[in-house]
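Please look through the sequence and the structure shown here before reading the briefing, which goes through some of the features one topic at a time.

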Amino acid sequence: MLAATLAASALAAPGCIATSDQKLRRQTDDDAGGPGPIDVDGGPGDASNELPPAAPHAVLGVDPPHGPFNGGQRVTLRGNGFASTVRVWFGGAELPSADVVPIDPGRVQVVAPPGATGPVDVITQNGDDASTRAALTDGYTYDAFYLEPASGPVGGGTIVTLHGDATAWDAKTSVLIDLLPCPVSEVRGPTELSCTTPKGAPGTKAVRVTTGDGVKTDVLDAYTYGDSDNGFKGGLSGGALGSSLRVIVLDNYTGDPIPNATVVLGDDLSTAKQASASGVVLYQDAGLGPTRTVTAAMKCFQPETFASVPVDTVTFYLDPVLSPDCAAEGDPPPVGGTPGFAAQVTGELVWKSLNEFKRDGWTNVPPPKSDDEQRVAYVFTATSDASRSFTLPSPSAAVTPDAQGLTGFSFSLNASPGNLVLYALAGIENRAVSPPLFTAYSMGVAKGVSAKPASATADVFIPIDVPLDHTLTMTATGPTPTAAGPDRVQASLAVRVADQLYALLPIGKQTRLIPVTAPIDFVGVPALSGSVAGGAYIVTASAVTGLGAALPRSVVGQLATTTTSQVVALDGFVQVPSLTRPAAGDAWDGRTLEVAFAPGGARVDVITFVIQSGYGLSSWVVAAPGDARSVRLPDLAALGLSGALIPGPVTLKVSAGHMNAFDYGSLQYRQLRPSGWNAYAEDLFFAHL
């Protein structure tokens, strides 16, 4: 009956001609009696008739087919018969509904759960209908190890930690990244070790771990080289300082050794040594310990000092100096970004449809109230700094209801390479006012998006499934103000969407004058549900000076909470540092630094001094443990080094950082700056050399 109906419809359709034997012919067929179709083997003319019948419900492929055993990777399932109620299992673990985004009957986007090393079956089922259950045997494989961080600069030098599952690593274990040695610096146990990445080319690379008995384990696409510098490198490492001290001096931009770099212990110029061709200086003396101050300097590089070093290995990464004096000896060192490393991510914003897999959307965004308003959405990469202010993108980045798309609304985003977390905010925008106003009403998150340098990642679907309808209340006091400030508190709120990655919100900043006497409300916070499930609210308070949020400044934060029903109290500010030597405006000998703090406040774990002379031409970074109050520097000018301080005005920025569970003996470069601190305070001082 169905065939007859279709045939009758086809006969009546325009563009078709019925012959006397009721066969259909195209308008372009030859009506002049020419030869008919050629049938070579006498079989059916439609090749699809020879294909095996496709199962109405099936999982046909998984992309990518492998990933880390801790989960979190974005994975696309391809198959047949998926419904909007589809459920997904990896092995015996069913994925939370928030981690399953049905795209169409042939695709489902999921976030891989944690699992044990090895292959697992990938299973789907539409709701409770067991007749739709389908499985792909060994469809996904959990890798035996993963790296953290999983990306870093092409210059190498990133200290990465390898986490293994049921591995047996020991002191004889070696690591290769793209078949280049990643020297192992520490083995913490059979399932965890650290190594320092070699220089590499942009792109994703395979990592091989070889145990002492020769067993090799490879993981493809385990590490990505890009043009970012996340600071997981250099600094202090090794065992307690005894009779041997190893100092390594490297170029911060290329990762290459700096031959002939000068290293000085304390302020004793007689200890000065020059680095070998591999950038290494070795001291051996029974009286080296328990601590030593170590300085590295080189012509055309900025000097650096680590004070009171308690361990036997110091790795410096010196910044080049952009000076005509350096250019006279050849081309200035390359210090800019590397073109072509950016990655492109494309996909669609999807809303839950009232009809099965029909393009629908903007259901959780109210209609505009005037001609100056419009519905828009923006896509962002999650940031590592929860205290940053939200910035409205260019109008060209807006996704509107007029955007193209099959299931949702298309977006395109340029991003740094790596394993990304994307989030989208949808709301009402008015650019007729100044500054432009964007009110977000809903959001969504896509985790584990792999972005490769100079390439595109397509088909990333972000569900806009979480309303911004909650209110979080916090209180904050502030540090003891100095004569210069601070005089106000800027409170901020962000949403943690992955480990050390945060989504910023348009309502994420509030300002109150010190003393702050009333609670601070953030209205328009997402529920921790849907694609934001498992996240947390991160609150930060910055005590700053003046409308420009200038120095002195004290910041406390990244306090996490998972509820909006209780008031969040922020205290634990670090007291603002005072530089007592050199005193403000006084002449300075360039040798002694002394600092003081008001009583109370959070514990200080590390102090950094950034000393600039020659109107910024020369910059010397000094790091000291938090209990240090005085540091002696060597007279580099007496050694004839161009990195020495230049006579004249000197600017000194002093910062004091607090970190949870911090060990100064394992200090890394990322812990020399605010992004690596849980709380900090800083101020600016001036002197004359």
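**Briefing on selected features**

Cys-182 counts as buried, with a relative accessibility of 2%, where buried means under 20% relative accessible area, exposed means over 50%, and partly exposed lies in between (1.4 Å probe, protein chains only). The model is predicted, and for that reason local features need pLDDT of at least 70 and side-chain atom pairs count only at pLDDT 80 or more, while totals for chains, interfaces and linings use all residues. Residues are numbered from 1 along each chain as its sequence is written, and side-chain values use heavy atoms, with hydrogens and water left out.

**The disulfide**

- A search of the whole structure finds one disulfide, a term that stands for a pair of cysteine sulfur atoms within 2.5 Å.
- Cys-182 and Cys-195 form this disulfide, with their sulfur atoms 2.1 Å apart, and the link is right-handed, with 85° about the S-S bond.
- Cys-182 lies in the loop between strand 16 (180–181) and strand 17 (184–189), whereas Cys-195 lies in strand 18 (residues 192–196), so the pair ties together parts that are 13 residues apart in sequence.
- Strands here are DSSP runs (E, at least two residues), as helices are (H or I, at least four residues), and they are numbered from the N terminus.
- Cys-195 is buried as well, with a relative accessible area of 0%.
- As background, a disulfide is a covalent bond between the sulfur atoms of two cysteines.

- Strand 3 pairs with strand 5 (residues 74–80) in the antiparallel sense over five bridges, and Gly-61 stands opposite Arg-78 in strand 5.
- Another open sheet has three strands in the order 43-44-47, with antiparallel pairing, and its edge strands, strand 43 (578–581) and strand 47 (630–632), each pair on one side only.
- Strand 44 (residues 592–596) and strand 47 pair in the antiparallel sense over three bridges, with Arg-632 in strand 47 as the bridge partner of Thr-592.

**Strand 46 and its partners**

- Seven of the eight residues of strand 46 (residues 618–625) are buried, so this strand is largely enclosed by the rest of the structure.
- Strand 27 (residues 304–309) runs parallel to strand 46 and is joined to it by three bridges, and Thr-305 stands opposite Val-622 in strand 46.
- Strand 45 (residues 606–613) runs antiparallel to strand 46, with eight bridges joining them, and the bridge partner of Ile-607 in strand 46 is Ala-624.
- Strand 45 and strand 46 form a hairpin with four residues between them, and Gly-614 in the turn has a positive phi of about 60°.

**Nonpolar cores**

- The largest nonpolar core has 75 residues, and those with the most contacts inside it are Leu-425, Met-443, Met-474, Phe-609 and Ile-611.
- Another core, of 36 residues, lies apart from it and has Tyr-664, Tyr-669, Trp-677 and Tyr-680 among its residues.
- A nonpolar core is a set of buried Ala, Val, Leu, Ile, Met, Phe, Trp, Tyr and Cys residues joined through side-chain atoms within 4.5 Å.

**Two single residues**

- Ser-554 lies in strand 41 (residues 550–561) and is buried, with a relative accessible area of 0%.
- Leaving aside neighbours within four places in sequence, Ser-554 is in contact (heavy atoms within 4.5 Å) with several residues, including Pro-479, Phe-573, Val-574 and Tyr-680.
- Gln-274 lies in strand 24 (residues 268–274) and is exposed, with a relative accessible area of 56%.
- The C-alpha atoms of Gln-274 and Thr-262, which are 12 residues apart along the chain, are separated by 4.6 Å.

How values were computed
Pairing = 2+ DSSP bridges.
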